[in-house]
Amino acid sequence: MAVGASAATTSYRDATAFAGAAGSLSREGFDTAGFGSVIGPERDFGAFTTHLRSSLSMPQFNFIGDQNSLNGSRLNGLNLQVGLLEGETFTFRFKQAITAFGAVFSGVNNGIWDGNNFRSLARRASLRVAGVVMGAEGTNAWLGQTRGRATRFFGIVSETPFYEVTFTGLFDTEGMGIDDVQWASASTPTPVPVPASGVLLLGAVAAAGFVARRKARG
């Protein structure tokens, strides 16, 4: 189900609806990324690179984790374990323009942990896509507040091709798990190549026309 639209973008909480709107999707599940390896300050995953500006580090944050990691218990296999303080950022930067981005998230915007419980709910991270910061729940919403380490899908489809998806810490420590990243590449029309025989034929036709014009003038 689409949950909002703004600035030519539509956000989705349902992976099936997102896939239907996005079209052909590519995926990265991080299953060959190497457990325990770091994800910043920059790392290449083929179709995209990750860019991390964070003062947090292992053993809890900013590495390739698994289901035993802080925010990985409900994710499938290896995943990104990201941690940000206020104002710090984590970015997916694609090498080719895309028109859709989605992923499964765990523990995002889930309140403040006091060692025993999440003592209050809070939006602890913002999301910027195609130059637009996703709004509060009910508009063109990035994932809203929730308790615990809930696993939720979020996707965005944009009419304007873009290259970057950026998360920014808003308050205290925001830790999140990210898995099953999906994207749709922007389609670029390519000219239909003319076979060599076609080029020769066009040249012959042009030459014949030139000769005919000269005879007519003579």
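Tutor: In this predicted model, a residue is called buried when its relative accessible area is under 20%, exposed when that area is over 50%, and partly exposed in between.

Student: What makes Ser106 a buried residue?

Tutor: Ser106 has a relative accessible area of 0%, and since buried means under 20%, Ser106 counts as buried. The residue belongs to strand β8, and a polar atom of its side chain lies 3.2 Å from the backbone oxygen of Asn71.

Student: How do you know whether Thr91 is buried or exposed?

Tutor: The relative accessible area of Thr91 is 7%, and the limit for a buried residue is under 20%, so Thr91 is buried. Thr91 also lies in strand β8, and its side chain makes a polar contact of 2.9 Å with the side chain of Thr166. Leaving out residues up to four places away in sequence, Thr91 touches Thr49, Thr50, His51, Glu164, Val165 and Thr166.

Student: What makes β5 and β8 a pair of strands, and in which sense do they run?

Tutor: Two strands pair if there are at least two bridges between them, and 6 bridges join β5 to β8 (residues 89-106), so the two count as paired, running antiparallel. His51 stands opposite Thr91 of β8. On the β4 side, where β4 and β5 run antiparallel and are joined by 3 bridges, Glu42 stands opposite His51. The hairpin of β4 and β5 has 3 residues between the strands, and Gly46 takes a positive phi near 95° there.

Student: Why is β5 described as mostly covered?

Tutor: Of the 6 residues of β5, 5 are buried, where buried means under 20% relative accessible area.

Student: What can be said in the same way of β11, and with which strands does it pair?

Tutor: In β11, 4 of its 5 residues are buried, which makes this strand mostly covered. β11 pairs with β13 in the antiparallel sense over 5 bridges, with Val129 opposite Val165 of β13.

Student: What makes a group of residues a nonpolar core, and how many residues has the largest one here?

Tutor: Such a core is a set of buried nonpolar residues, Leu and Phe among them, joined through side-chain atoms within 4.5 Å. The largest one has 33 residues, and those with the most contacts inside it are Leu80, Phe90, Phe92, Phe101, Phe167 and Ile178. Two or more residues come from each of β5, β7 (79-84), β8, β11, β13 and β14, and β8 gives the most, with 7 residues. Beyond its neighbours within four places in sequence, Phe92 is in contact with a list of residues that includes Leu80, Phe101, Phe167 and Ile178. A second core, separate and of 10 residues, includes Leu25, Leu75, Phe153 and Ala184.

Student: Why are Asn62 and Asp180 worth a remark on phi?

Tutor: Most residues other than glycine have a negative phi. Asn62, which is not a glycine, has a positive phi of about 65°, and the phi of Asp180 is near 50°, again positive.

Student: Where do they lie, and how do you know whether each is buried or partly exposed?

Tutor: Asn62 lies in the loop between β5 and β6, and its relative accessibility of 4% is under 20%, so Asn62 counts as buried. Asp180 lies in β14 (residues 174-185), and its 26% falls between 20% and 50%, so Asp180 is partly exposed.

Student: Which peptide bonds are cis, and what is omega in each?

Tutor: Most peptide bonds are trans. The bond from Gly40 to Pro41 is cis, with omega near 5°, and Pro41 is placed in the loop between β3 and β4. The bond from Met58 to Pro59 is also cis, with omega near 15°, and Pro59 lies in the loop between β5 and β6.

Terms used. Residues are numbered from 1 along each chain as its sequence is written. This is a predicted model: local features need pLDDT of at least 70, side-chain atom pairs count only at pLDDT 80 or more; totals for chains, interfaces and linings use all residues. Side-chain values use heavy atoms; hydrogens and water are left out. Buried means under 20% relative accessible area, exposed over 50%, partly exposed in between (1.4 Å probe, protein chains only). Contact means heavy atoms within 4.5 Å. A polar contact is a pair of N or O atoms within 3.5 Å; within protein, one must be able to donate a hydrogen and the other to accept it, and residues adjacent in sequence count only if both atoms are side-chain atoms.
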